[in-house]
Amino acid sequence: TGQPRSVESSIDSCQRRCLQVSGCAHFGFWPDGGCHLQDSNSSVAAASDATSGPPFCPEDEWKNDDNWANNHCKDKTRAAVPEAGRKPVMWIHIHKAAGTSICCEARRRERVISPSDNCNSPSDDFNLFTRSFNNSWTTCEERVDQMNNGSFTFAAIERELVPGDFCPEHFLYGILLREPIALMLSEISFEVPKYNFSEMLACIQLGGCPDND
């Protein structure tokens, strides 16, 4: 790969370096912290004191704390690996607009942020929707550090955007818009068990609703 030997603190750090370098197909890690990167033209050599591996372990993507994805994603076969050197993806997840389908495909192709629920980190989850007006949960710098430290390549935001969410110089952004009536019907079907929509419509007609859950 044309990369010099580096010293890393752990096997995971060496593997993350391989993931971030274009053309890296395997890494080798030695007890003294030495981290060597090899491309696809390298040959196998025995070394009893070294640990080697690919830049990404696909099977680890499903050994995570995302119970929603684990329970709802049917196809868990690996479809691709993240492109080295590409900006991470920040998906703007409009509630009830195919977010779970996007998350399932991301788990087959990307390294999704962890911890997460439906590919949303705890500070970006739908449960915080409407509670983050005029609040900034993070900054662009903190997001970059979080993604880089875990070598994550995909994360989603399922709430309104606030300062610190939109950082186009650091991330690629995507969004999927759904036909409004279909979105409304899906939302009602999803929320009916939790809310009394007659009361909600009444308070809308009155011009205000109580501030409660």
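Is aspartate 124 buried or exposed? With a relative accessibility of 1%, aspartate 124 counts as buried, because the cut-off for that label is under 20% relative accessible area. Keep in mind that what you're looking at is a predicted model.

Let's start with the strands. Four of them make up an open sheet, and reading across it the order is β1-β3-β2-β4, with antiparallel pairing. At the edges sit β1 (6–7) and β4 (51–53), each of which pairs on one side only. If you zoom in on β1, you'll find two bridges joining it to β3 (residues 34–38), with the two strands running antiparallel. Valine 7 is the residue standing opposite glycine 34 of β3. Now bring in helix α1, residues 11–20: this helix lies across β1, β2 (26–29), β3 and β4, and it runs at about 150° to β2.

On to the charged side chains. Side chains of opposite charge can pair when their charged atoms come close. Searching the whole structure turns up nine salt bridges. One of them is between aspartate 32 and arginine 5, where the closest N and O atoms are 3.2 Å apart. Aspartate 32 belongs to the loop between β2 and β3, while arginine 5 is in the segment before β1, so this pair ties together parts 27 residues apart in sequence. How do these two sit relative to the surface? Aspartate 32 counts as exposed, at 56% relative accessibility, and arginine 5 counts as partly exposed, at 44%.

Now back to aspartate 124, which forms a salt bridge with arginine 143, the closest N and O atoms being 2.8 Å apart. Arginine 143 is in helix α4 (residues 140–149) and aspartate 124 is in the loop between α3 (99–109) and α4, so to speak distant parts of the chain, 19 residues apart. Arginine 143 is buried too, with a relative accessible area of 3%.

Arginine 143 has another partner to look at: aspartate 165, with the closest N and O atoms 2.7 Å apart. Here the aspartate comes from the loop between β6 (154–157) and β7 (172–175) and the arginine from helix α4, so the pair ties together parts that are 22 residues apart in sequence. Both aspartate 165 and arginine 143 are buried. Elsewhere, salt bridges that share partners join Asp75, Glu105, Arg108 and Arg109 into one network.

Key:
Residues numbered from 1 in each chain as written. Predicted model: local features only at pLDDT ≥ 70, side-chain atom pairs only at ≥ 80, totals over all residues. Heavy atoms only, no water. Pairing = 2+ DSSP bridges. Helix = DSSP H or I, 4+ residues; strand = E, 2+ residues; numbered from the N terminus. Contact = heavy atoms within 4.5 Å. Axes fitted to C-alpha atoms, helices over the stretch in contact; angles between N-to-C directions. Salt bridge = Lys/Arg side-chain N within 4 Å of Asp/Glu carboxyl O. Buried < 20%, exposed > 50% of the residue type's maximum accessible area, 1.4 Å probe, protein only.
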